[in-house]
Amino acid sequence: MSIRKKVGLFGVGQTDICIYLASILQNMGFSICVLDNSYEQAMHYCIPHPTEKLLTITYKNIDYEQLVPVESWQEKDCDYLIADLGVWPSDEALAACDELYLVMDCAIAQISRYRQLMTRVGIPMSVILRDVCSEAVSAKRVLAMLQEENCFVVDSYVLPLCEEDIAGRILMQYQGYRRMFHLSGNFEKMLVNICRTIAECETGIIWRSLKRARKGECA
């Protein structure tokens, strides 16, 4: 089986998004492999694992692996590979992905740092701006700063600050991922739109799969 697409997410706070996307795509009938290639290894705390050390942990019919070299990605037997690339991925990892998503909040240091990275590597990618507090700064201003002298932002998603979304992200690190938490409407719409980009299928199919993922079901 050849991988249809390799999807990379990097930045700050992308681990839960990786897991949610994998759950939806799996409920659509696709085989999914999720790689945690981040330094932080946050996914280790989200996915239940046995006491013995295994190269692959299969949970809810999704394969989870850690620190897989880029040159080995193509060997994975799956439809879609989703990689958590951490805060500062290598140029090699970025170039290996068919779809890239930069996840960030409104911290001004991130804007400067990731604008420089995008300009340097010259790879088109989408931006997910999460936990936006409009009382502090508008999403429009943050995105405008990020795109200053930077033409590599192909799409953007804005997630306003939402207690439920934050609770779900933290809860899965302490209790393990069981199902999609009560996510905000904006978060769910973003997941559907990304899945539509990745899998190129009808929106109705994706929403039905998301509803199954909400319940913790798998195909």
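1. In this predicted model, leucine 191 is in contact with Ile17, Tyr20, Leu21, Ile24, Met180 and Leu183, once its neighbours within four places in sequence are set aside. Leu191 and Ile82 are the residues with the most contacts inside the largest nonpolar core, which has 42 residues. In soluble globular proteins, nonpolar side chains tend to be buried together.

2. Helix 5 spans residues 139–146, and within it Ala139, Val142, Leu143 and Leu146 are buried. These residues lie on the same side of helix 5, because the arc they cover around the axis is only 95°. Lys140 and Arg141, on the other side of helix 5, are exposed. An α-helix has 3.6 residues a turn, so residues three or four places apart point the same way.

3. The largest pocket has a volume of about 410 Å³. It is lined by 17 residues, of which His44, Leu54, Leu55, Ile57 and Gln66 are the closest to its centre. At least two lining residues come from each of helix 2 (43–46), strand 3 (56–59) and strand 4 (62–66), and strand 4 gives the largest share, three residues. By class, the lining of the largest pocket comprises eight nonpolar, five polar and four charged residues.

4. The second largest pocket holds about 210 Å³ of space. Gly13, Gln14, Thr15, Glu40 and Ala42 are the closest to its centre among the 14 residues that line this pocket. Helix 1 and helix 6 (163–175) each supply at least two residues of that lining. The lining of the second largest pocket divides into three nonpolar, seven polar and four charged residues.

5. How many cavities of 30 Å³ or more does the model contain? The count comes to one, and the space in the largest cavity is about 40 Å³. Its lining includes Ser23, Gln26, Asn27, Lys60, Ile62, Tyr177, Arg178 and Glu217. Helix 1 (residues 15–27) gives the most to this lining, with three residues. The lining of the largest cavity consists of four nonpolar, four polar and three charged residues.

Terms used
Residues are numbered from 1 along each chain as its sequence is written. This is a predicted model: local features need pLDDT of at least 70, side-chain atom pairs count only at pLDDT 80 or more; totals for chains, interfaces and linings use all residues. Side-chain values use heavy atoms; hydrogens and water are left out. A nonpolar core is a set of buried Ala, Val, Leu, Ile, Met, Phe, Trp, Tyr and Cys residues joined through side-chain atoms within 4.5 Å. Buried means under 20% relative accessible area, exposed over 50%, partly exposed in between (1.4 Å probe, protein chains only). Contact means heavy atoms within 4.5 Å. On a 1 Å grid over the protein atoms alone, a cavity is a set of points where a 1.4 Å probe fits but cannot get out, and a pocket is an open set with protein on both sides within 12 Å along at least five of seven lines; lining residues have an atom within 4 Å of a point. Grid points are joined across faces, edges and corners, and a volume is the space filled by probe spheres set on the points. Helices (H or I, at least four residues) and strands (E, at least two) are DSSP runs, numbered from the N terminus. Ala, Val, Leu, Ile, Met, Phe, Trp, Tyr, Cys and Pro count as nonpolar, Asp, Glu, Lys and Arg as charged, and the others, Gly among them, as polar. The arc is that of the directions from the helix axis to the C-beta atoms.
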